[in-house]
Amino acid sequence: MAKLNKPKSRYAKSEKLFAEAVKLMPGGVSSPVRSFKAVAGEGGGGIGPVFIKEAKGADLTDIDNNTYIDYVMSYGPLIAGHSPPPVRAAVAKQIDKGSSYGCCTEAELKLAKIIAAAMPNVPMIRFVNSGTEATMSAIRLARGVTQRNIILKCHGCYHGHVDSLLIEAGSGATTHNHPSSPGIPDSATSNTVLVPYNDLPATTAAFEERQGKIAAMIVEPICGNIGVVPPLPGYLEGLRALCDQHNALLIFDEVLTGFRVAYGGAQGLYSIRPDLTCLGKIIGGGLPVGAYGGKPELMNHVSPAGPIYQAGTLSGNPLAMAAGIATLSLLDDTAIDGTSIYTQLEALGSRLEIGLKAAAVAANVPVSIQRVGSMLTPFFLRRDGSQTASIKNYADALQCDTQAYARFFRSMLDAGVMLPPSQFEAWFISSAHTEGDIDQTIDHAREAFKAAQSI
Ligand code: KE4
């Protein structure tokens, strides 16, 4: 029987590389959520991840020369798009002078000053190399300063893969069905107490049951790792009051929301004062970076100013500092002619939200689209109508129809739109996206919503 000529896959080169990659790296990837495993199709026999060759502005090109309008944007750092010219120039200039010295540089001070000016609750900062390092260090500092051990965290919030916070974690941990990872001894998590996001009564009870024992509560002020779940009115104010009442520290994990939802982050948007703030992503402009900061009275407990140890070979490295300075300089809406990049991002985000909602209604697909500025998530609700249309916490999100999202994802990918390969992530819009990109995305979504419903 003549071998039927199976049509060549549009992802042939990616498939070939992925077959090699799985032999060299666990799951073939450097970070789980990139594996497309959650959207591979029924039985997982479908697509593997595409391998990207290059990116520019809002566009990605894979090694099969397929192009995509990109809404992953490296999971948040690229608010000004891929390789914006000022960032490219700043990194090129710095690399000519070296990549890392293991010594102090003026660039660290420059970035620290920009962040302090944008975020008055972060007058002092320590740079690290990832969001995980930032949150890990912030909770160590909180425990050291308060001499208490218990940390409150919300079900579904994701604060990186530090042992004590990797329980009921969102993002890739939930996507791949291990929200609480094996390999973490009870001793590492016995001082971590879980409460539902957006639930002040439960959080109040948690504090009251542990009088004087809670060092801090760490929270994503806007959840991005359940998908986008904004705080209910009064929620963040309530957390601030509870921490004050119980002499605990409030830690805002703004790795995702810092400089994303406003130049002053979620703490600026909602006018809430955290005691410690964790940052990452945008402040490094796409290079590896993280940071944690707060008042000197707290931060000066960190070595070598104080005894609480934290260190990093590449912390504050000149390349990431250069990329961060160049990126934040593009965002500072007080520095340009009064027009704000955030106004542009809000308009693009609103256009996409409205268009997606209309497309979902036209396809009769139950979807809840939740958005803050340029980060949004379409939650695919169960078709039996039994699910709340407003996703307020992790439990709500877990009821979503993840296979419908997977079918939607694959249809959009084939149409040339790159979405996060998980229902439990945020889509990101950059200032490089155009109204044309948004309208094209909506056009493709009309078909993709129909595909989402077809089983
Ligand atoms: P990193 O260690 O990945 O730099 O940052 C951890 C982290 C901490 N806090 C928040 C609020 C975060 O969103 C993250 C990382 N975000 C995920 C995407 N939701 C990173 C993507 C990935 O894991 O590949």
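Modeller: With polar contacts: a polar contact is a pair of N or O atoms within 3.5 Å. Keep in mind that the model is predicted.

Colleague: How far is a nitrogen atom of the ligand from an N or O atom in the side chain of Asp253?

Modeller: That distance is 2.7 Å. For the side chain of Ser171, an N or O atom is 3.3 Å from a nitrogen atom of the ligand. Thr132 has a polar side-chain atom 2.6 Å from an oxygen atom of the ligand.

Colleague: Which residues around the ligand come nearest?

Modeller: There are 17 residues around the ligand, and Ser31, Thr132, Asn225, Asp253 and Glu425 come nearest.

Colleague: How is empty space found?

Modeller: Rolling a probe the size of a water molecule over the atoms shows where empty space is left. Here, the second largest pocket holds about 580 Å³ of space. Its lining consists of 24 residues, with Cys104, Glu108, Arg126, Phe127 and Ser315 nearest the centre of the pocket.

Colleague: What is the lining of the second largest pocket by class, and which helix and strand each supply at least two residues of it?

Modeller: Twelve residues of that lining are nonpolar, ten are polar and two are charged. Helix H3 (106-118) and strand S4 (124-128) each supply at least two.

Colleague: Is Gln453 buried or exposed?

Modeller: Buried means under 20% relative accessible area. Gln453 has 15%, so Gln453 is buried. Gln453 belongs to helix H15 (residues 435-453). Apart from neighbours within four places in sequence, Gln453 contacts Asn364, Val365, Pro366 and Arg383.

Notes:
Residues numbered from 1 in each chain as written. Predicted model: local features only at pLDDT ≥ 70, side-chain atom pairs only at ≥ 80, totals over all residues. Heavy atoms only, no water. 1 Å grid on protein atoms, 1.4 Å probe; cavity = no way out; pocket = protein on both sides within 12 Å on 5 of 7 lines; lining within 4 Å. Points joined across faces, edges and corners; volume = space filled by probe spheres on them. Helix = DSSP H or I, 4+ residues; strand = E, 2+ residues; numbered from the N terminus. Nonpolar A, V, L, I, M, F, W, Y, C, P; charged D, E, K, R; others polar. Buried < 20%, exposed > 50% of the residue type's maximum accessible area, 1.4 Å probe, protein only. Contact = heavy atoms within 4.5 Å. Near = heavy atom within 4 Å. Polar contact = N/O pair within 3.5 Å; in protein donor to acceptor, adjacent residues only side chain to side chain.
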